[in-house]
Amino acid sequence: MIIRPRRLRRSEALRSLVCETRLSVSMLVYPMFIREGSGIEEDIVSMPGQKRYSPDRLPFALERVISSGVGAVLLFGVPEKKDFFGSEAYNDDGVVPNALREAKRQFPELLCITDVCLCEYTDHGHCGCPRDDGGIDNDASLPLLAKSALCFARAGADIVAPSDMMDGRVGAIRTALDAEGFTDTAILSYAVKYASAFYGPFREAAGSAPSFGDRKTYQMDPRNRREALREMKLDLSEGADILMVKPGLPYLDVLRTVKDASPVPVGAYCVSGEYSMIKAAAERGWLDERGAVCEAAHSLARAGADILITYHAPELARWIASGNF
Ligand code: PBG
């Protein structure tokens, strides 16, 4: 007798019946960029198909996102004015709080997550405060990050997502939120975030490239996997409600490691470089966009992602809903 694995691959109906991984629209989060001004929808050159929206234009874009079935967005701010301390990151009248209030007023059911970091708001582009010697001052950065998270919570964020990789920031943010009564605002920690070249297109989108040095003294070394467990445990002990691994596809082993050890939901962030690589190749006719995106999404889910953060979220949601994935 021959054992025939091919017997279960005979038709799409059969393959779907026995498949081990299932994507769902409810796991998708769509990242969006908010810039200053009004009446603006500006193309992001490094990320074809993605735009920067002024706060007043965001609701129109959200209508399209919501109609695709996606129920959660991750908002990034791109302020006009950047300074040493990133003060627009904790301005109650800043781009993200303004956009957030409008989004929540029009779409109260939409889950709004805000990225908490300084790099989009500082003139030096680092995620924390530089010292005179060029190093990044961990502990001086914590109160600023906590202030930013509070500012977003006040404007209606359901979840705040610190992406700075300073030690102790989850605890500092939790303490600040609780002290002002925001005990229900959840923290999605970019717990396992690597110093990655795949953030390149994002830095153009947010104008957040560091003006000197790099992020290797705070983001993780791509050569490390076990260290992910250390970062994960620290963030859990400080009160993280959801963990994230970032980037996605190049770190599937890390994602599986974190998932197996995590008592809380785990997200994977399919970052800008992953998006733009597929877009660029698809534009040249070198690969099939839908096929590549769905395969990558299944791989991330197979490796343990409960939540998938991707710039392809609206398209992916439509493909999932139509059964064409
Ligand atoms: C802010 C932040 C970055 C990303 C998410 N939050 C950039 C960075 O760390 O340089 C990258 C997201 C992407 O590439 O899609 N710290």
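The lining of the largest cavity divides into 9 nonpolar, 4 polar and 6 charged residues. Here Ala, Val, Leu, Ile, Met, Phe, Trp, Tyr, Cys and Pro count as nonpolar, Asp, Glu, Lys and Arg as charged, and the others, Gly among them, as polar. The model is predicted: local features need pLDDT of at least 70 and side-chain atom pairs count only at pLDDT 80 or more, while totals for chains, interfaces and linings use all residues. Residues are numbered from 1 along each chain as its sequence is written, and side-chain values use heavy atoms, with hydrogens and water left out.

A cavity is a set of points, on a 1 Å grid over the protein atoms alone, where a 1.4 Å probe fits but cannot get out; its lining residues have an atom within 4 Å of a point. Grid points are joined across faces, edges and corners, and a volume is the space filled by probe spheres set on the points. A search of the whole structure finds 2 cavities of 30 Å³ or more.

The largest cavity has a volume of about 150 Å³. Of its 19 lining residues, Phe76, Lys193, Tyr199, Phe202 and Lys246 lie nearest the centre. Strand β9 (186-193) and helix α6 (200-206) each supply at least two residues of this lining; helices (H or I, at least four residues) and strands (E, at least two) are DSSP runs, numbered from the N terminus.

The largest cavity is also the space taken by the ligand, where a molecule sits in a cavity if more than half of its atoms lie within 2 Å of its grid points. In the shell around the ligand, β9 and α6 are the elements that give two or more residues. Among the 20 residues around the ligand, Lys193, Arg203, Lys246, Ser272 and Tyr311 come nearest; a residue counts if one of its heavy atoms lies within 4 Å of the molecule.

Some distances can be followed atom by atom. A polar side-chain atom of Lys193 is 2.7 Å from an oxygen atom of the ligand, and one of Arg215 is 2.9 Å from an oxygen atom of the ligand. For Tyr311, an N or O atom in the side chain lies 2.6 Å from a ligand oxygen atom.

The second largest cavity has a volume of about 80 Å³. Helix α10 gives the largest share of its lining, 4 residues. By class, this lining has 9 nonpolar, 2 polar and 1 charged residues.

Definitions and conventions: On a 1 Å grid over the protein atoms alone, a cavity is a set of points where a 1.4 Å probe fits but cannot get out, and a pocket is an open set with protein on both sides within 12 Å along at least five of seven lines; lining residues have an atom within 4 Å of a point. A polar contact is a pair of N or O atoms within 3.5 Å; within protein, one must be able to donate a hydrogen and the other to accept it, and residues adjacent in sequence count only if both atoms are side-chain atoms.
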